[in-house]
Amino acid sequence: MHSFQFRWIPFIATCVLTAVFLRLGWWQWTKSLDVEAQVELRQTRSTVNPVLLGTALADAQALEGASVVVRGHFDASEQFFIDNQQHQGQPGLHVITPLQIEGSQVRVLVNRGWVGWGASRAVLPDVKVPTGLIEIQGRATVPSGKAPAFVTEPTDTGALRTRIRLKEIQAAHDYPVQPMVILMMSSDTSDGLVKDWPELANKAPMHKGYAAQWFLMALLLVGFFLRSSYRKANV
């Protein structure tokens, strides 16, 4: 015959760990809802007519993922490259060229696409810059302001950089810079650049799976506590 024998230390440990597992599960669940909302918002923004980007500094978050169009002149002297970019398993770079918006000093960074490294990393690819007035259509995106974890970054001031740091770029120049980057869309391949931009991955199912695992662990822990608390009674 078995009877329930209450013990304080296992009870407290079970309560603490169950609370932790439930908190982690809820965090993953809310994260999945946020991802679903972001994916839906981007899909909605991408289907509407392109937004004309003018000289007034835009709300970057409001335009995240939206189609935009802008007219101006490329500033070839400020072009730079983002290192460590892959395309179909090949190492390369993204070409970032500022566009001076027509009728102003305002610039907006344009990611013109991917180019592979040549025979040596010691020499940057020779990427020509179109001249004259040009109209750019693409997708607005806000580059992450966070540095990669556990990585010591070099000073990004030259033509080869590790990522786009909008705040530092703005601080280094006396003209306004739109707080976004345009991923250029074009069917013209004469510039040799690959414009294959990934869509926002819907990772909501993954986060929901993690949430289910944490909730299940909490349930199993409570079950283990109850099961182990029943012991054979001394007759």
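1. In this predicted model, the side chains of Arg121 and Asp83 meet in a salt bridge, with 2.5 Å from N to O. Arg121 lies in the loop between β6 and β7 (134–141) while Asp83 belongs to strand β4 (residues 80–87), so the pair ties together parts that are 38 residues apart in sequence. Asp83 has a relative accessibility of 8% and therefore counts as buried, the cut-off for that term being under 20%.

2. The structure holds 7 salt bridges, and another of them joins the side chains of Arg71 and Glu102 at 3.2 Å, N to O. This pair links distant parts of the chain, since Arg71 sits in strand β3 (residues 67–74) and Glu102 in the loop between β5 and β6, 31 residues apart. Arg71 counts as partly exposed at 34% relative accessibility, and Glu102 likewise counts as partly exposed, at 40%.

3. A further salt bridge brings together the side chains of Arg165 and Glu168 (3.4 Å, N to O); here Arg165 is buried, with a relative accessible area of 14%, whereas Glu168 is partly exposed at 42%.

4. Strand β6 (residues 107–116) deserves a separate look. Of its 10 residues, 9 are buried. It runs antiparallel to strand β5 (residues 90–101), to which 9 bridges join it, and the bridge partner of Gln100 in β6 is Arg107. The hairpin of β5 and β6 has 5 residues between the strands, and Gly103 takes a positive phi near 75° there.

5. Strand β6 also pairs with strand β9 (residues 177–184), in the parallel sense and over 4 bridges, with Ile182 in β9 as the bridge partner of Val110.

Methods: Residues are numbered from 1 along each chain as its sequence is written. This is a predicted model: local features need pLDDT of at least 70, side-chain atom pairs count only at pLDDT 80 or more; totals for chains, interfaces and linings use all residues. Side-chain values use heavy atoms; hydrogens and water are left out. Buried means under 20% relative accessible area, exposed over 50%, partly exposed in between (1.4 Å probe, protein chains only). Helices (H or I, at least four residues) and strands (E, at least two) are DSSP runs, numbered from the N terminus. Two strands pair if DSSP finds at least two bridges between them. A salt bridge is a side-chain nitrogen of Lys or Arg within 4 Å of a carboxyl oxygen of Asp or Glu.
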